[in-house]
Amino acid sequence: MSRDSVQIPDDLAFSSFKNECNSDESWNVTYSKSGTTVWIQGVDEEQSLHKIKCRMVSKDVSSDTMYDVLHDIEYRKKWDSNVIETFDIGKLTVNADVGYYSWKCPKPLKNRDVLTLRSWLPMGDDYIIMNYSVKHTKYPPKKTMVRAVSIQTGYFIQSNGPKSCTLTYLAHVDPKGSLPKWVVNKSSQLLAPKAMKKIYKACLKYPEWKQKHNPGFKPWLYPEQNRLQSIPLSELSIQHADSLENIDESSLSETKEEQGEGSDEESTN
């Protein structure tokens, strides 16, 4: 693949992502409790680039419900309290689209956003959803946000039976900035487990919510329902981290408000 060539992931790319989700080699455990485990890899204090992996066994949640929840953008606005704005931009194929997502970062850090090419693959009762960052001229970086870069981020959902599944979340991200050490620690030991718990709770409530909100509309399962305009690949290019502004936030201290949030969450785990 050339440096600026945007391509739809093929079977080999999905297989590679699945293998990395399943391999624990060279990963360091930072959290393991109540069926949820978090690992980090290659965190270098000189670099902002980092990789994090979370795995959660979800009882009373089927793999297809988990898949629906992670796809349903309208439902995400309801359960994801970190989301600032998220929307789909256009479709590329029956199993690939382009979308925008911005989220709140721990104070006093600047909030981040990404523009990604997302693709998905059902494999019987198992599923993969993954993305990487792209550029589109109509959606340049905003002055109020730091444009982060997803090198490869996604979910691998494995069925454990009719009412149980295992979710693995893998993120290889450049947050575009020199982050303070406390952010990395907080992400792996507190924020990631908290996010997995939110997803689990969202899955439990989804069937009832979906019954009241366009229950038959699932374009990720039924491509004929997809109302997005088609985008030619030629309008996209790879979003390279080195073309974006680097923000040095390494000297920022955690606010008392954030510290309080952390201790509250710790006590409920």
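Start by selecting Lys77: its relative accessible area is 43%, so it counts as partly exposed (buried means under 20% relative accessible area, exposed over 50%, and partly exposed in between, with a 1.4 Å probe and protein chains only). Helices (H or I, at least four residues) and strands (E, at least two) are DSSP runs, numbered from the N terminus. An α-helix has 3.6 residues a turn, so residues three or four places apart point the same way.

A quick word on what you're looking at: this is a predicted model, in which local features need pLDDT of at least 70 and side-chain atom pairs count only at pLDDT 80 or more, while totals for chains, interfaces and linings use all residues. Residues are numbered from 1 along each chain as its sequence is written, and side-chain values use heavy atoms, with hydrogens and water left out.

How many salt bridges does a search of the whole structure find? The search finds twelve. For another one, pick Lys210 and Asp72, whose side chains meet at 3.5 Å, N to O. This pair links distant parts of the chain: Lys210 is in helix α4, Asp72 is in the loop between α2 (63-71) and α3, and they are 138 residues apart. Both Lys210 and Asp72 are buried.

Next, select Asp113 and Arg147. Their salt bridge has its closest N and O atoms 2.8 Å apart. Asp113 lies in strand β6 and Arg147 in strand β8 (residues 146-147), so the pair ties together parts that are 34 residues apart in sequence. Are these two buried or exposed? Both Asp113 and Arg147 are buried.

Zoom in on Lys53, in strand β3 (residues 50-59). Lys53 counts as buried because its relative accessible area is 0%. Try the distance tool here: the C-alpha atoms of Lys53 and His172 are separated by 8.8 Å, though these residues are 119 apart along the chain.

**A covered helix**

Select α2 next. Eight of its nine residues are buried, so the helix is mostly covered. Among the buried ones are Met66, Tyr67, Val69 and Leu70.

Color strand β1 (residues 28-33) and strand β2 (residues 36-41). They pair in the antiparallel sense over five bridges (two strands pair if DSSP finds at least two bridges between them). Click on Asn28, and you'll find its bridge partner in β2 is Ile40. The hairpin has two residues between the strands, and Ser34 takes a positive phi near 50 degrees there.

Now go to strand β4 (residues 83-93) and strand β5 (residues 96-103), which pair in the antiparallel sense over eight bridges. These two also form a hairpin, with two residues between them. Look for Phe87, which stands opposite Tyr100 in β5.

Most residues other than glycine have a negative phi, and most peptide bonds are trans. Select Ser26, where phi is positive, near 70 degrees. Ser26 is in the loop between α1 (11-22) and β1, and it counts as exposed because its relative accessibility is 52%. Asn214 has a positive phi as well, near 50 degrees. Asn214 is in the loop between α4 and β12 (236-238).

The elements giving two or more residues to the lining are α3 (73-79), β6 (112-123) and α4 (181-211).

Notes: Salt bridge = Lys/Arg side-chain N within 4 Å of Asp/Glu carboxyl O.
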